[in-house]
Amino acid sequence: MSHKLLDIQHFLRGTFNQGIHPPENKHFTAGKPIERLAFPPQLILPLSQHAGKPSVALVRKGQEVARGEPIARADGFVSVPLHAPASGVVKDICLMPSARGPMVESIVLDVYAGDPQEVLYGTDVDVDAIPASDLMQAVQDTGLVGLGGAAFPTHVKLSVPEGCVIDTVLINGCECEPFLTTDHRLMIEQAADLVAGTRILMKAVGAQRAIIGTEDNKLDAVEAIQAVLKPDDVVSVKAVQTKYPQGAEKMLAKALVNREIPSGNFPSAVGLGVFNVATATQIGQLLPKKQGVIERVVTVTGPGIGRPGNYIVPIGTPIRFILDALGFEGSARHLIMGGPMMGGTVSSLDTPITKGCGGLLILNEHQLTTEEQMKRYPCINCGACVDACPMMLNPCEMGRMAHKAQYETMAERYHLNDCFECGSCSYVCPAAIPLVQYFRVAKSVNRTKAAAS
Amino acid sequence: MSEAVQLKTSPHLRGMHSVDKIMRHVVYALLPVSLFSVMQFGLSALALIVTSVLVCVGTEHFFCKRSGTESTVSDWSAVITGLLVALILPPGFPLWMAAVAAFVSIAVGKVFFGGLGYNVFNPALVGRAFAQAAFTVPITTWTPGMAHRRFLEFIPTTLTPPFLKPDFDAFQIWVESLKIDGYSGATPLAMMKFDHIEVDTLELFLGTLASSAGESSALLILLGGLYLAFRKMLNWKIPVAVLGSAFILSGIFYLQNPEVGLPIYPSPFFTVTSGGLMLGAVFMATDMVSSPVTPVGVWIYGILIGSLTVMIRLFGGLNEGVMYAILLGNAATPLINNLTQPRIYGATRKRKEKAA
Ligand code: SF4
Ligand code: SF4
């Protein structure tokens, strides 16, 4: 950190207002090239790994499937297909526990041991020849979804709303969550695919330029991408300040092109399309071969794991399998799916890696207990949360209102619905008030009320 | 499933600060100021500080126990109040009166409002305001610092028995025995206001003159404040706004001074280094609980306090205005917060029109 203070360039780089600087903790895995893990004996593939309607299974119990073969189809527009991540036989289609707790309909696949696991599916196509209008369908066929809890199908974002013109595509390579290095490694190792995917996305939404944005703690990634760009390329790469939550769509738009996405709108309202680095890279890899998503890169990291690193794992790999392979001795309570700021805990280690999961963070007992022993105080009005909120909300006031269950006032007067639950306010609060948790409750109560009336 | 299902929600990391840690560091920052006061005024100052802190902590503990809740003294905030109460009283203030002031500051200033986080006013100033009203004479009786026997004997007024008025005759004899040239018993502020004598600002800055127990050394107060600001435990904007506005406003008046004769208005340097302004700006106006949270509000609040202080000093009946200025600022805080809600990211025109 200290050298950053002297780095004048850092301060000249774009950024958003406010935000926080949690310890980056990327050193565990930032220098580790992406590695492939062995196939697990069994995969669990939930039919709903995305926002929208669950996929519809195309296979029966007992059926043999080849790696890459579609095993479920999309059900309507806001839905995606599912492909077999490994060759094997469908053991069952039944309810299995999911990371968040509830049981979900899943395809359970027994993987053939000793199979070379080559991808036999797919045909080479000339992407340049695909008309822009067909690209959305092509992306839907890959089954790609966005990162994070919501896991919004990628192709849905490609449909530009009536009356909007998208001039710029932003590729989000900020990875502002501490610990995670998936996007960092992808940018370094698969820069060519990333840029190819970016061009496809530009064509699909009709944008004239694209900017790949990353934080300035990943300048090696900037170099790697620059190396594959043409002179005077319409695709460019730009470093922004390292600050959480730089990787939020709205913050990135502000930092890269100084546009504010209006409250309650999508980036398209200001002519932007925002996609993740991992998404763009996968598009660059899958579309030219007409294949579907069968695996993804996951950062497995944290002080509680023996061999932290960046690993390619098939979708559906049970978390326990990955952790066992990497030397883990704790329990599910040590595990966080995603980053420490916005990720969720898992109900059981037997739940699988899904398409939207980019990281497994394993904390150690010491961290957990210090965290749990943090004493709660009443709000002391310190204003730290107000100074941290990237949306310029007033978490302090909202926290007090949440205490009195004035959820509607929070939404009407204090812009509760603009809170995207980044957790910055809870992070800085010296009174250890669970502000984000309050806001989540408030939102869901409001939603239930709205639905009831 | 053998393990208990435990679904915590994000964020799973916390920043470094906690309430007790912040409060503890404020105490650390106040220590040099307190030590300086002991060095300057001797045993009396020490007794004053110890009494005030003990009574504050004891009062808070007592009320917590009485209402059957866990004692909150471990958050250190009562210690801060105790220190501040002692530091804004005259060093020879009778101990029993100090104890009453300390009790009032916690009981009325804090517990009645619901404890830490709910108090509208800075508790120490509530105690001081009470003392100002109840013990008018002792609170305006100032002692010279650096008396040679200060570590051997108390200032006579210190040991006044409870519920009795201090013996000022004994005090006068004691003061005379010190044989300090030109000592009038007045603070630099009073001298300025009533006799138009301006003392050397540097002496004020270093703190070698008559004053409240801990208001004398602007330098040490500033250092304490800087320490806290660097650790992000104090909002630097508040002291900057208070001192800046006081400096500018009194500077404007200073320029109106007649060219001949004694100055009517003090120099801006005198304004910011004299009396309790420095201590108030750095350690009392910045009390988190009773100051605004919004970025703009903080500036307004600071400027309000700075200008009110100057106004009271120059035109009010009192020679010291910091206390009332901060209390007024505290009172205005909810309103300031309300009027200065930050413009949120992506606020739309439409929304603004609706609000208008
Ligand atoms: S969680 Fe919501 S309120 Fe808190 S800092 Fe993030 S956006 Fe602001
Ligand atoms: S950070 Fe916590 S204690 Fe400080 S104002 Fe916000 S809610 Fe209150």
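**Ground rules.** I kept to a numbering that starts from 1 along each chain as its sequence is written, with chains lettered from A and ligands numbered from 1 in the order in which they are written. Because the model is predicted, local features need pLDDT of at least 70 and side-chain atom pairs count only at pLDDT 80 or more, while totals for chains, interfaces and linings use all residues; side-chain values use heavy atoms, with hydrogens and water left out.

**Ligands.** I looked up which residues are near each ligand (a heavy atom within 4 Å of it). Around ligand 1 I found, among others, Cys389(A), Cys419(A), Cys422(A) and Cys425(A). Its shell has 9 nonpolar, 2 polar and 1 charged residues. For these classes, Ala, Val, Leu, Ile, Met, Phe, Trp, Tyr, Cys and Pro count as nonpolar, Asp, Glu, Lys and Arg as charged, and the others, Gly among them, as polar. The residues surrounding ligand 2 include Cys379(A), Cys382(A), Cys396(A) and Cys429(A). That shell divides into 10 nonpolar, 2 polar and no charged residues.

**Chain A against chain B.** I noted 63 residues of chain A in contact with 41 residues of chain B (heavy atoms within 4.5 Å). The two chains bury about 4,500 Å² between them, 55% of it on carbon and sulfur atoms; buried area is the accessible area (1.4 Å probe) lost on putting the two parts together, summed over both. Tyr377(A), Ile380(A) and Tyr427(A) supply 14% of the area that chain A buries here, more than any other three residues. Ile380(A) is also one of the residues around ligand 2. I counted 1 salt bridge between the chains (a side-chain nitrogen of Lys or Arg within 4 Å of a carboxyl oxygen of Asp or Glu). Arg343(B) forms it with Glu260(A), the closest N and O atoms being 3.3 Å apart.

**Cavities.** A search of the whole structure gave me 5 cavities of 30 Å³ or more. On a 1 Å grid over the protein atoms alone, a cavity is a set of points where a 1.4 Å probe fits but cannot get out, and lining residues have an atom within 4 Å of a point. Points are joined across faces, edges and corners, and a volume is the space filled by probe spheres set on them. The largest cavity has a volume of about 290 Å³. It is lined by 23 residues, with Met23(B), Ile80(B), Phe283(B), Asp287(B) and Met288(B) closest to its centre. By class, I recorded 15 nonpolar, 6 polar and 2 charged residues in this lining.

Methods:
On a 1 Å grid over the protein atoms alone, a cavity is a set of points where a 1.4 Å probe fits but cannot get out, and a pocket is an open set with protein on both sides within 12 Å along at least five of seven lines; lining residues have an atom within 4 Å of a point.
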